[in-house]
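Please keep the sequence and the 3D view at hand as you read.

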Amino acid sequence: MQGRKPAGGLPGLHVLESGDDRNGLSARATYRYGLLLAALLGLVLVAILVVDRARRLAEAEREVSTLAVGARGQVYYALRDAERALLFAARTAVPQRAAGAAGSTPVPGPHWMADLLAEHPELSDLHVVAADESGITHWAYRGKPGESPMRLGAPRRDTDGAWILPLAVPLPGQPGWITANYRLGALQELVERMKGGGPALITLMDSRRYILARTMAPESTVGTQIHEASLARQIASGVESVIDQHMHPVDGVARIRAYQASMYYPLEVASGLPRRHVLMPWYVLATLGALGYALYWAGFLHQLRIVRRADARQTRLLERIGRSGELLSFALRAGKMGAWAMQADGELWWSDEVAPLHGVDPADTEVGEPDLIARLHPDDRERVLQRLESLRERGEALSLDYRVITADGRVRYLSTRGARFNTPSSDIVTSGVVLDVTDQVEAAQRLLDAERQFRLMFDRNPLPFWVFDIDTLRFLEVNQAAISNYGYSRDEFLAMTLNDIRPASESLQLLRDVAEGRAVDSPQVWTHRRKDGSELEARVHAADIEFSGQPARLVLAEDVSEQHRVQRELAYRANHDLLTALPNEMAFAHRLQELMSLPGQGVNVVRVTLQRHGLISDSLGTGVGDEVLVQAAARLIEQVPEPGVVARMQGAEFILATPATDADPRGERLLAALSEAMGAPVRAADASHYLDAAFGLAMYPGDGATADVLVRNAGLAARDATQQLATDTVRYSAGLAGTVSSRLEMLARVQQAIESGGFELHFQPIFDLATNQVCCYEALARWPQPGGGFIPPQDFIPLCEDSALIVPFGRWVLHEAAHAWLRFASAGQPACPIAVNVSVSQFTRSDLVAELRTLIEVHGLPPGAIELELTEGVVMGDPEQVIATLAELRAMGVLLAIDDFGTGYSNLSYLRRLPAHTLKIDRVFVHQIETDPQNAAICRSIMALATLFGMRVTAEGIETPAQLQWFRDNGGHMAQGFLLGRPVPQSALLASPARMLPREPLA
């Protein structure tokens, strides 16, 4: 039989359309006409309110303008009356003043004044004033032709506290003024009468904007000056009348104001009505209009709501009827289902959703049963056709799963279910649905794949995995890694609980951990036990799962025993010195802080420095030096009982802390015990070695409130102890910090002076005793100060040698010496070498050969221009290297001199190999050489050695003619000293070259 799909779909599934466009027409009409009427009412209401507001404001402006004009007129008449009285007084006072003695200013008689003041009670204190008194010429007045000559002063209070306004008119025909005080109370009464009983405000001001009268709060406002920039600009431009709206600067009330300036007097009148008072009726009208408009909108919206409800009920009824079939179609599509039916004659019907499920284009209206069969999977097609034929023949129930191939080649899984129906109104025999179950089939497949992957990951994971029952703690499953790592077989594991792999002492803790799920929230480290009894530390990761229908927990156990061992070792290394096994400085600070936190407990902190350790290590090797440190640490530990602590710091320094005791409150016994213990020699390399220990003590809380401060202060004390000769123990004091602070400050100043060129070179001549002429200049650094004078070289040179500053400082000296040689040459003076001192620190810390080579090339210096003076200590550091370096310098044309010879410990075997040109005898041997046989013998020996080694000799510190003559007589080559010339700036030498020495002895 041929199946088909009728145009109307399945019988009985007819889709009704919803209503036409006439539905909702009444609601839309009501809405449109209502909005139009609302707009018209709104426009009319706005127009009425705008016109009424403008009318009320215009009326208010006219009212305040009239009030200001009237008040200005009243004030004019009042002041005009006072002005006439003063002019009358002026005319009367002129004859009386002329009759008076010369230079006097008579006042009109009392009877005359009394009559005038009685007639004008607003006036008082009538006087005649000279032209140069009281500054009346600076009072305010109009000053224009035809205007009042009367001047107004600034308002003030009289002795009774009443406000008055000073007035003055000029005397006719002669200098001088008639002055009077005008009671401002009279003007106040005048403006009060003008105001009446309304809310108007009248303010009278002078040209400087001082309030003279005010109808509101006059007690607090009269005499106040008002600053109003906009109005001031209009007044300055000559405007005499202004109407505006403003916020009053005195009381902050918004008013409609009229301003009138007096044409005759320097006065201004302002009147105003509160804007709120003027617009109050308008506000009422606007409120009533808004309420009426709102009532209209409320009625309109209510009516619109009633109409819309009626339309909605009608629309819902039509939609409910029209969507009966549509809902079924939506349900089938949402569930990826289609409906089908087979009639008694074997004809197959189906809904619109069946074709898309079989991969057929739903837009094709000619789809038939062969088209659907063509989409069946080849492996399922025969089976489906057999069931379909059986359904036609017997009409039995149907349950069938099969596959189809869509147009794009994808496989889709379908499941169809059907049942037999016997209804007298229909010829349908069997009906059912076809369902797309592709997602379910693929999900089930993914679940199977995930289970296989999990099993694979679980079984073959290199880390131990197991699953246990949360309630009984019994193992439910284990992987091969767990069996290998713990030594139990799988059957043994499944017969055990977690307690069997945990130490017995942790049973209760295990129950708490499992109950609280600690490893679930974050990994935990537990101790586990293997079958052979050995223990391991395992980091446990856990997750709650369901296993065979019961709650269980999946556990991954990572062996971190080695990792934790390494971490413990690293933690030990971070807090201990590996050589002595003592705590290091960081751990010591923590232990010291614990001692300091003990209530009422003082603490002794001692810094120990082994001064000879460096010499032992350098001469016998670091192994011997390490052995000495270990023995020293053991001795210190013996002297510091618990809870004290001994720690090693860097190099050959130790530090210890111990609680203070009542028997030794100042730590003196402790220092004595330490000194005695460390004073005995230690045995190393088959020899005894003295440590030469120095001790610095700082006490808590007196010498510091924190661990860092105590350690630092103990170090300062130990450093001071290394510089003491009489004692090896020093207790910290505030002066030590000051000394170190001064050294640091001096170092900073030296560095700044080097960078800014704050040093200068002075030059001391060295004379050749054979020619009596200058043969060399020794360059000596000087540090001038802004206030005059110099800082002695012994105050800053040692600091430079102790720090790295000696390198840039020495480099600066060499460059300045090169510049000095060039200046001597330019001045036409004989080409004498410039001698520069080089310290041990500079020689060892810098590449002196490279620096001098660059210096000679840059400045173009000839051989013999620079001479280096080195001490014997330079040679003793590394003789072979020093000799090679000096030979290279000599090859470059640099002259070499051994300075301060005889004060060191020179090895003659090295001395004879030195490529030096000169030996300089130290001044200590030159002193009293003419009377001291020992010094004379030493100097003769040095000169003999120099002759033997082919060197010249320079005598330093020649201060007497006898010393100079001795060296002449005994074959000395060169000499320098204060007798021959003091160090001076080069400018002095260029201005006055050094003199020649006389051949005869100096007197």
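Tyr777 is buried in this predicted model, with a relative accessible area of 3%. Its ring partner is Phe824, and the two rings form a stacked aromatic pair, 4.7 Å from centre to centre with 10° between the planes. Phe824 counts as buried as well, at 3% relative accessibility. Because Tyr777 belongs to strand β29 (residues 773-784) and Phe824 to helix α24, their pair ties together parts that are 47 residues apart in sequence.

Across the whole structure, a search finds 20 aromatic pairs. Another of them joins Trp466 and Tyr486, this time in an edge-to-face arrangement. Trp466 sits in strand β16 (residues 465-469) and Tyr486 in helix α12 (residues 480-486), so this pair connects parts that are 20 residues apart in sequence. Trp466 is buried, at 1% relative accessibility, and Tyr486 is buried too, with a relative accessible area of 2%. Both residues also belong to a cluster, in which ring pairs link Trp466, Phe475, Tyr486, Tyr488 and Phe493.

The two pairs can be set out as follows.

| Aromatic pair | Arrangement | Centre to centre | Between the planes |
|---|---|---|---|
| Trp466 and Tyr486 | edge-to-face | 5.7 Å | 80° |
| Tyr777 and Phe824 | stacked | 4.7 Å | 10° |

Rings also meet charges here. The charged end of Arg982 is placed over the ring of Phe978, 4.1 Å from its centre. Arg53, in turn, lies over the face of Trp282, at 5.9 Å from the ring centre.

Now for the cores. Which residues have the most contacts inside the largest nonpolar core? They are Ile834, Leu868, Leu889 and Phe967, in a core of 78 residues. Helix α24 (residues 806-826) gives the most to this core, contributing eleven residues. Leu868 is worth a look in the viewer: setting aside residues up to four places away in sequence, its contacts include Leu814, Val836, Val838, Leu848 and Leu852. Leu868 also touches Leu889, Val894, Leu895, Leu896 and Ala897.

Is Thr729 buried or partly exposed? Its relative accessible area is 21%, while buried means under 20%, so Thr729 is partly exposed. Thr729 is located in strand β27 (residues 729-731). Apart from neighbours within four places in sequence, Thr729 is in contact with Leu671, Ser675, Phe695 and Ala721. Val608 is 121 residues away along the chain, yet the C-alpha atoms of Thr729 and Val608 are separated by 9.4 Å.

Finally, step back to the chain as a whole. The protein chain has 33 helices and 37 strands. Of its 1003 residues, 42% are buried. The accessible surface comes to about 52,000 Å², and carbon and sulfur atoms account for 56% of that area. Among contacts with a separation of 6 or more, 59% are between residues 24 or more positions apart.

How values were computed: Residues are numbered from 1 along each chain as its sequence is written. This is a predicted model: local features need pLDDT of at least 70, side-chain atom pairs count only at pLDDT 80 or more; totals for chains, interfaces and linings use all residues. Side-chain values use heavy atoms; hydrogens and water are left out. A nonpolar core is a set of buried Ala, Val, Leu, Ile, Met, Phe, Trp, Tyr and Cys residues joined through side-chain atoms within 4.5 Å. Buried means under 20% relative accessible area, exposed over 50%, partly exposed in between (1.4 Å probe, protein chains only). Helices (H or I, at least four residues) and strands (E, at least two) are DSSP runs, numbered from the N terminus. Contact means heavy atoms within 4.5 Å. Accessible areas come from the Shrake-Rupley method with a 1.4 Å probe; for residues, only the protein chains shown count as cover. Rings of Phe, Tyr and Trp (its six-membered ring) pair if their centres lie within 6.5 Å; planes under 30 degrees apart count as stacked, over 60 as edge-to-face and the rest as tilted. A charge sits over a ring if NZ of Lys or CZ of Arg is within 6 Å of the ring centre and within 35 degrees of the ring normal.
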